[in-house]
Amino acid sequence: SPSPPPPSPPPPSQPPFSPLPDGIVVEEVSVIKFTVVVTISAEVNDIDVTELEASFRPAQQCFLTECKLTVTLHPVEQSAARRALQTAQTTASSTASVFKDGNTLSAVRNANYIFAGSSATQAGNILNQPVSEVDPNVNEREDTEPRAVAPPPPSAPPTSPPPSLPPLDLNPQSMDPSCFPSSAMVQRADGETAPLSSLSAGDSILAAAADGTLGFDAASSFSLAD
């Protein structure tokens, strides 16, 4: 007898992701999920899931990238009377999964509860479907799921301290180029030369004026400062 076919591989633990841009990683993140349910008077095969999802998205305020929307369809088991009347029905469940710490959580929560409180006619106008019933309950729960997220930006490198400045030199001789050391020699009015350290205030010495001319001037106590 022919050998049995090999067992099917186990399903992946998380949905496959297309190649990610540089710097984007897949992480398990905390989310809050909101599920609303409506009953549509139509066959499952007659409902375009893509168009239905596009209608649910603004109704639940679920927009990428913080919120992910999933719509599933299930045929409703019909009684013999309904089968005789050929009134097929489909249950549509729409789940908005939003970041728990995201900026849009409050808007998503409010929109889901508002939608669940709408009438079948109002929901039908929003979804462009023949809605016969709206479940007034919102299934709100906390969960985790894999999401492609950008890692936090790298921390800035520590700033290097400014270069230290040399200590301020308060020596009057170094601050004023017109000053001379106490050992400098000067000419007295009597023609003799002597070091600055030997002068007294009022002594007449040969000095240069601002225009470069030479003349005798009295030494002041300031010019004789140490």
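**A tour from confidence to surface**

Start by colouring this predicted model by pLDDT. Among the elements of the chain, select helix α3, residues 105–116, which has the highest mean pLDDT, 95. Then select helix α5, residues 172–175, where the mean pLDDT is the lowest among the elements, at 48.

Across residues 172–177 pLDDT stays under 50. For this stretch the model has eight contacts beyond four places in sequence. For the chain as a whole, the mean pLDDT is 78, and 72% of the residues reach 70 or more.

Next, show the cysteines. How many disulfides does a search of the whole structure find? The search finds one. Select C62 and C67, which form a disulfide with their sulfur atoms 2.0 Å apart. A disulfide is a covalent bond between the sulfur atoms of two cysteines. Are C62 and C67 buried or exposed? Both are buried.

Why does L214 count as exposed? The relative accessible area of L214 is 62%, and exposed means over 50%, so L214 is exposed.

To finish, keep two selections side by side: the C62 and C67 pair, both buried, and L214, which is exposed.

Note on methods. Residues are numbered from 1 along each chain as its sequence is written. This is a predicted model: local features need pLDDT of at least 70, side-chain atom pairs count only at pLDDT 80 or more; totals for chains, interfaces and linings use all residues. Side-chain values use heavy atoms; hydrogens and water are left out. Buried means under 20% relative accessible area, exposed over 50%, partly exposed in between (1.4 Å probe, protein chains only). A disulfide is a pair of cysteine sulfur atoms within 2.5 Å. pLDDT is the predictor's confidence in each residue, from 0 to 100. Helices (H or I, at least four residues) and strands (E, at least two) are DSSP runs, numbered from the N terminus. Contact means heavy atoms within 4.5 Å.
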